[in-house]
Amino acid sequence: MFSPCRIGPVTLRNRVIRSAAFENMAYGNKPSQDLYDYHVAVSRGGVGMTTIAYAAVNRSGLSFDGQLYMCEENVPELKKLTDAIHKEGAKASIQLGHCGNMTHRATCGCTPVGASGGFNMYSPTFVRRLRKDEIFSLVKDFGKAVNLAREAGFDCVEIHAGHGYLISQFLSPYTNHRHDEFGGSLDNRMRFMRLVMKEVLDAAGDDIAVVVKVNMKDGFRRGMKQAECLEVAKELERLGVHALVLSAGFVSKAPMEVMRGAMPIKTLTHYMDMKKFWWLKAMVRLFGRILIPTIPYKDSYFLEDAKVFRAALKMPLIYVGGMVSKDGIEEVLDSGFVAVQMARALVHDTDFVNKLQSGEVTRSGCRHSNYCIGRMYSLEMKCNKCVENLPPSLQKEVSEAEKRWEGK
């Protein structure tokens, strides 16, 4: 765990990476002091690299007011952040992507766009199908974002091609109903991803590592299954990306496939803006358990699926999913993965990696209530242990979730 590793042109001091879990700390789509403080603290806490989450490559790709927008205006503050991360001995990565249909006009400034048109129940909103000229323009935006990342001092970019965001929307037959060269066969559905990755790799050159987050399965009947996802991974290997982050799930259809456990419905609705989303708040309160079913949490929950990909690919692979203990991390690394990513353990305690190295702890104190997940859609991501005066109803939900996990 604590030996150096290399991803493309970048050498990390150890094999633990803070994953690109959404922080919701880029208020007004700009870097904030909270974002700075959190990632500097995680870097000081011992990770080999920390990943700033989910930066949209253009305005139409924004899905939250607290999501970072990768534009020239934000480069100076991001450079201050990467300089501080480097000072702590860690490397800096930024996840680049586009949300596609999972946004609103009020957030992104236009009718949401996707691989295909229709109505997205997740937002919910009507969605417009991307024209071909817009597709090629979006491809260029990914390249521009990589160049901005270099200007901002990042060592690595992580392209989000999973979880039902735009690249994933082109890949999945659930969201891609096109009848042109970007739809139909898997080879056609990979065309947008292929164009994006060629643009990204050209922009990255030989001084920025390029990592891609991909699905091993979408997690529901009409989505991509493992066999197609493996073909996507093989295509990315052929294109020459430096590493893959292996994940699963589809935020608009199977969100807990990504995160596991139960969605804390009371927490989720408690923090929603009543003026803007009263109707969504009511719907989630009434039908949340049906819309967002629980998928039981266990440590290293993606490992068996990830081993299938490890056996089929030669390229470096990064494991994410249920990394909360030293034994679990070592098991994953012994299975042939170059590094691991984690988030919730580092939301619970930014010093977790240092404490693992010193022997102070062997396991995270996170008790898997998922309070941080329910909160992050409205406020900055934070562990319930760091929140003063938690309302009694939310404290009860947290306690009940922790008891269910302890009982397993």
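# Briefing on a predicted structure

Ring pairs connect Phe22, Tyr54, Phe64, Tyr165 and Tyr377 into a cluster. The structure described here is a predicted model. A search of the whole structure finds 15 aromatic pairs, and the structure also holds 28 salt bridges. The points below treat the strands, the aromatic pairs, the salt bridges and a nonpolar surface patch in turn.

- Strands of a sheet pair through backbone hydrogen bonds, in either the parallel or the antiparallel sense.
- Strand β10 covers residues 209-215, and seven of its seven residues are buried, so the strand is largely enclosed by the rest of the structure.
- In a regular strand, side chains alternate between the two faces of the sheet.
- From β10, Ala209, Val211, Lys213 and Asn215 point one way, while Val210, Val212 and Val214 point the other way.
- Strand β9 (residues 156-160) pairs with β10 in the parallel sense over five bridges, and histidine 160 stands opposite lysine 213 in β10.
- β10 is also joined to β11 by five bridges, and these two strands run parallel; here valine 211 stands opposite alanine 243 in β11.
- Between β10 and β11 the chain passes through helix α8 (residues 226-239), and this β-α-β crossover is right-handed.

**Strand β12 and its neighbours**

- Strand β12 spans residues 317-320; Leu317 and Tyr319 point one way from it, Ile318 and Val320 point the other way, and all are buried.
- Strand β11 (residues 243-247) pairs with β12 in the parallel sense over three bridges.
- Three bridges also join β12 to strand β13 (residues 339-342), and this pair runs parallel.
- Isoleucine 318 takes part on both sides: valine 245 stands opposite isoleucine 318, and isoleucine 318 stands opposite alanine 339 in β13.
- From β12 the chain crosses through helix α13 (residues 326-334) to β13, in a β-α-β crossover that is right-handed.

**An open sheet of three strands**

- An open sheet has three strands in the order β6-β8-β7, with mixed pairing.
- β6 (113-114) and β7 (118-120) stand at the edges with a single partner strand each, so one side of each is left without a neighbour in the sheet.
- β7 and strand β8 (residues 125-129) pair in the antiparallel sense over three bridges, with asparagine 120 opposite threonine 125 in β8.

**Aromatic pairs**

- A pair of aromatic rings is described by the distance of the centres and the angle of the planes.
- A search of the whole structure finds 15 such pairs. In one of them, the ring centres of phenylalanine 119 and phenylalanine 126 are 4.9 Å apart and the planes lie at 70°, so the pair is edge-to-face.
- Phenylalanine 119 counts as partly exposed at 44% relative accessibility, whereas phenylalanine 126 is exposed, with a relative accessible area of 59%.
- Tyrosine 174 and phenylalanine 250 also form an edge-to-face pair, with 5.9 Å from centre to centre and 85° between the planes.
- This pair links distant parts of the chain, 76 residues apart: tyrosine 174 lies in the loop between α5 (166-171) and α6 (186-189), and phenylalanine 250 in the loop between β11 and α9 (255-259).
- Both tyrosine 174 and phenylalanine 250 are buried.

**Salt bridges**

- Side chains of opposite charge can pair when their charged atoms come close.
- Glutamate 73 forms a salt bridge with lysine 30, and the closest N and O atoms are 3.3 Å apart.
- Glutamate 73 lies in the loop between β4 (49-56) and α2 (75-87), and lysine 30 in the loop between β3 (16-18) and α1 (33-44), so the pair ties together parts that are 43 residues apart in sequence.
- Glutamate 73 counts as exposed at 54% relative accessibility, while lysine 30 is partly exposed at 40%.
- Glutamate 199 forms a salt bridge with lysine 140, with the closest N and O atoms 3.6 Å apart.
- Glutamate 199 lies in helix α7 (residues 191-204) and lysine 140 in helix α4 (residues 132-151), so this pair ties together parts that are 59 residues apart in sequence.
- Salt bridges that share partners join Arg128, Arg131, Asp133 and Glu134 into one network.
- Within it, the side chains of arginine 131 and aspartate 133 meet at 3.0 Å, N to O.

**A nonpolar surface patch**

- Leu286, Phe287, Ile290 and Leu291 make a nonpolar surface patch of about 460 Å².
- Leucine 286 lies in helix α11 (residues 274-291) and counts as exposed at 64% relative accessibility.

Definitions and conventions: Residues are numbered from 1 along each chain as its sequence is written. This is a predicted model: local features need pLDDT of at least 70, side-chain atom pairs count only at pLDDT 80 or more; totals for chains, interfaces and linings use all residues. Side-chain values use heavy atoms; hydrogens and water are left out. Patches are made of residues with over 30% relative accessible area and no salt bridge: like charges are joined within 9 Å, nonpolar side chains (Val, Leu, Ile, Met, Phe, Trp, Tyr) within 5 Å. Accessible areas come from the Shrake-Rupley method with a 1.4 Å probe; for residues, only the protein chains shown count as cover. A salt bridge is a side-chain nitrogen of Lys or Arg within 4 Å of a carboxyl oxygen of Asp or Glu. Helices (H or I, at least four residues) and strands (E, at least two) are DSSP runs, numbered from the N terminus. Buried means under 20% relative accessible area, exposed over 50%, partly exposed in between (1.4 Å probe, protein chains only). Two strands pair if DSSP finds at least two bridges between them. A crossover is right-handed if, with the strands pointing away from the viewer, the path from the first strand over the helix to the second runs clockwise. Rings of Phe, Tyr and Trp (its six-membered ring) pair if their centres lie within 6.5 Å; planes under 30 degrees apart count as stacked, over 60 as edge-to-face and the rest as tilted.
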